[in-house]
Amino acid sequence: MPRTTSRRFLRPAALIGAAVLAASVTACGSSGTPSAATPTSASASAGAAAGVLTVRDPWVKAADKGMTAAFGTLVNDGDTDVTITKAATEVSPMELHEMTMKNGKMVMRAKESGIVIKARSSTTLEPGGDHLMLMDLAEPVKAGDELSFTLTFADGRTQTFTAVAKPFTGAQESYAPGHGDSPMPEMSMSPAS
């Protein structure tokens with residue numbers, strides 16, 4: 001089936017310049033964390049009335065091809081647990097991923113049970129942890145691009161949010177295809193120098 005991708009999801013960085021002054025990115029404790037000067041989306045903190053969750057500081061690792069991932073903090077202000085079972089975007093097929101140890105190596109794999117956000121708590125999607133994996137980019141995702149994502153929950157509800165693409169070296173993760181018997185890509189974690 002031929003794939004067609006539009007660039008509708010991209011907005012010039014100039015249009016989000018005001019967000020730079022109004023928002024800062026939550027640090028993950030790494031020297032490679034995107035800087036506070038990097039813009040966040042106006043939809044970055046859609047309230048509970050607008051959706052199932054609040055999505056804070058969403059961002060995507062900029063990439064020219066192959067795979068990349070989306071991150072952020074998911075806040076559940078409700079009284080019941082929420083489970084994300086699927087994520088989608090126009091630029092790539094997606095999977096929910098987690099990091100786990102396999103044969104002494106940290107590897108990524110699909111998170112079959114979904115991502116659970118407990119009632120009255122939050123879950124952080126971050127490099128080296130749970131994340132939303134973009135599996136096969138149809139076109140490059142450049143720093144400053146805005147991508148729209150749709151989350152599907154276990155109860156059938158959906159929620160859309162926008163995330164800004166950012167350059168990120170962090171732990172120098174690589175989303176290249178894995179080796180050995182693992183069908184999922186490995187994440188190479190090198191110490192930051």
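I began with β3 (residues 82-89), which pairs with β6 (residues 115-117) in the antiparallel sense over three bridges. Strands here are DSSP runs of E, at least two residues long, numbered from the N terminus, and two of them pair if DSSP finds at least two bridges between them. In this pairing V82 stands opposite I117 of β6.

Next I followed β3 to β9 (residues 146-153): five bridges join them, again antiparallel. There, A87 stands opposite L151.

A note on the source: this is a predicted model, where local features need pLDDT of at least 70 and side-chain atom pairs count only at pLDDT 80 or more, while totals for chains, interfaces and linings use all residues. Residues are numbered from 1 along each chain as its sequence is written, and side-chain values use heavy atoms, leaving out hydrogens and water.

The pLDDT (the predictor's confidence in each residue, from 0 to 100) averages 73, and 62% of the residues score at least 70. Over residues 1-49 it is below 50, and it stays under 50 over residues 176-193. Where pLDDT is low, the predicted coordinates should not be read in detail.

Then the interior. A nonpolar core is a set of buried (under 20% relative accessible area, 1.4 Å probe, protein chains only) Ala, Val, Leu, Ile, Met, Phe, Trp, Tyr and Cys residues joined through side-chain atoms within 4.5 Å. The largest has 27 residues, of which L53, I84, L132, L134 and F149 touch the most other members. β9 gives the most to this core, with four residues. Apart from it lies another core of eight residues, including F71 and M108.

Note on methods:
Contact = heavy atoms within 4.5 Å. Buried < 20%, exposed > 50% of the residue type's maximum accessible area, 1.4 Å probe, protein only.
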